Amino acid sequence: MALTPATSLAFFCSMVLLLFVTVDAGGIAIYWGQNGYEGTLAETCATGSYDFVNIAFLPTFGNGQTPMINLAGHCDPYSNGCTGLSSDIKSCQAKGIKVMLSIGGGAGSYYLTSAEDAREVATYLWNNFLGGTSSSRPLGYSKRGKKVYLTAAPQCPFPDAWVGSALKTGLFDYVWVQFYNNPPCQYTSGSFGNLVDAWKQWTTDIPATKIFLGLPAAPAAAR
């Protein structure tokens with residue numbers, strides 16, 4: 001029997017749920033920070049829809065550059081205009097939502113030239129965004145002793161060209177795999193085979209706490 005668009009979508013949603021259920025689902029994650037119509041961070045968390053919120057992005061770092069966040073129209077980091085997010089972050093965490101800082105992104109100026117360069121970037125991020133101390137706190141928030149999680153967002157072709165070796169270390173807590181804009185391992189009309197095969201490989205071969213099925217929230221998000 002041929003699937004209509006409606007039944008095909010329903011079947012796809014069922015398949016997504018099945019994939020999550022079979023590996024002890026970790027909840028829904030979302031990126032926040034690049035859409036001026038998405039509301040505030042606190043409002044996003046208040047929907048009750050998400051277990052993880054990735055603040056996106058920090059697209060400038062490495063090669064001697066001072067790491068810098070870019071949250072589109074939400075705030076201006078160059079004038080310390082993002083420090084007000086401190087209360088939003090606390091509001092999210094009070095609801096049990098894990099708030100992450102997403103570094104990199106689809107566009108930006110970032111490149112690590114050496115192991116020492118990577119250490120310097122990591123130290124800066126720790127002191128300015130995480131549990132360290134600094135006179136410059138772009139997000140205006142610091143709480144020592146709070147658990148820090150390490151995540152990655154690779155493409156679904158396996159192994160990932162950029163972080164494939166790193167993911168094998170077992171150091172990552174959460175891995176959000178992008179299963180779209182990648183024909184060899186994404187859903188195509190009427191066929192789940194490539195997606196399911198890729199999902200099995202990721203969940204079998206990568207020793208992360210949880211693997212997430214990364215999908216666009218809307219057609220425009222995949223462009």
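Is N80 buried or exposed in the predicted model? N80 counts as exposed because its relative accessibility is 52%, where exposed denotes over 50% relative accessible area, buried under 20% and partly exposed the range in between, with a 1.4 Å probe and protein chains only. The structure is a predicted model, in which local features need pLDDT of at least 70 and side-chain atom pairs count only at pLDDT 80 or more, while totals for chains, interfaces and linings use all residues. Residues are numbered from 1 along each chain as its sequence is written, and side-chain values use heavy atoms, with hydrogens and water left out.

Backbone geometry is considered next. Most residues other than glycine have a negative phi, and most peptide bonds are trans. N80, which is not a glycine, has a positive phi of about 60° and is found in the loop between β4 (65-68) and α3 (85-94); here helices (H or I, at least four residues) and strands (E, at least two) are DSSP runs numbered from the N terminus. A positive phi, near 60°, is also found for N181, a residue placed in the loop between β8 (174-178) and α6 (193-205), and N181 is partly exposed, with a relative accessible area of 45%. A cis peptide bond with omega of about 0° joins A56 and F57, and F57 is placed in strand β2. The peptide bond from F158 to P159 is likewise cis, with omega near -5°, and P159 lies in the loop between β7 (151-152) and α5 (164-167).

Strand β2 also takes part in an open sheet of three strands, with the order β1-β2-β5 and parallel pairing, two strands being paired if DSSP finds at least two bridges between them. The edge strands, each pairing on one side only, are β1 (29-32) and β5. From one strand to the next the twist averages 30°, with axes taken as lines fitted to C-alpha atoms (for helices over the stretch in contact) and angles running from 0 to 180 degrees between N-to-C directions. Strand β2 (residues 52-58) and β5 run parallel and are joined by six bridges, and I55 stands opposite L101 in β5. Within strand β5 (residues 98-103) lies S102, which counts as buried because its relative accessibility is 12%. Not counting residues up to four places away in sequence, S102 touches Y31, N54, I55, A56, F57 and L58, a contact being heavy atoms within 4.5 Å. I28, in the loop between α1 (5-21) and β1, is in contact with S49, Y50, D51 and F52 when its neighbours within four places in sequence are left aside. I28 and V53 are 25 residues apart in sequence, and their C-alpha atoms are 8.7 Å apart in space.

Side chains of opposite charge can pair when their charged atoms come close. Taking a salt bridge as a side-chain nitrogen of Lys or Arg within 4 Å of a carboxyl oxygen of Asp or Glu, the count comes to one. This salt bridge is formed by the side chains of E116 and R119, at 3.1 Å from N to O. Both residues, E116 and R119, lie in helix α4 (residues 115-129), three residues apart, about one turn of the helix. E116 counts as partly exposed at 39% relative accessibility, and R119 counts as partly exposed at 48%. Helix α4 also holds W126, which is partly exposed, with a relative accessible area of 40%.
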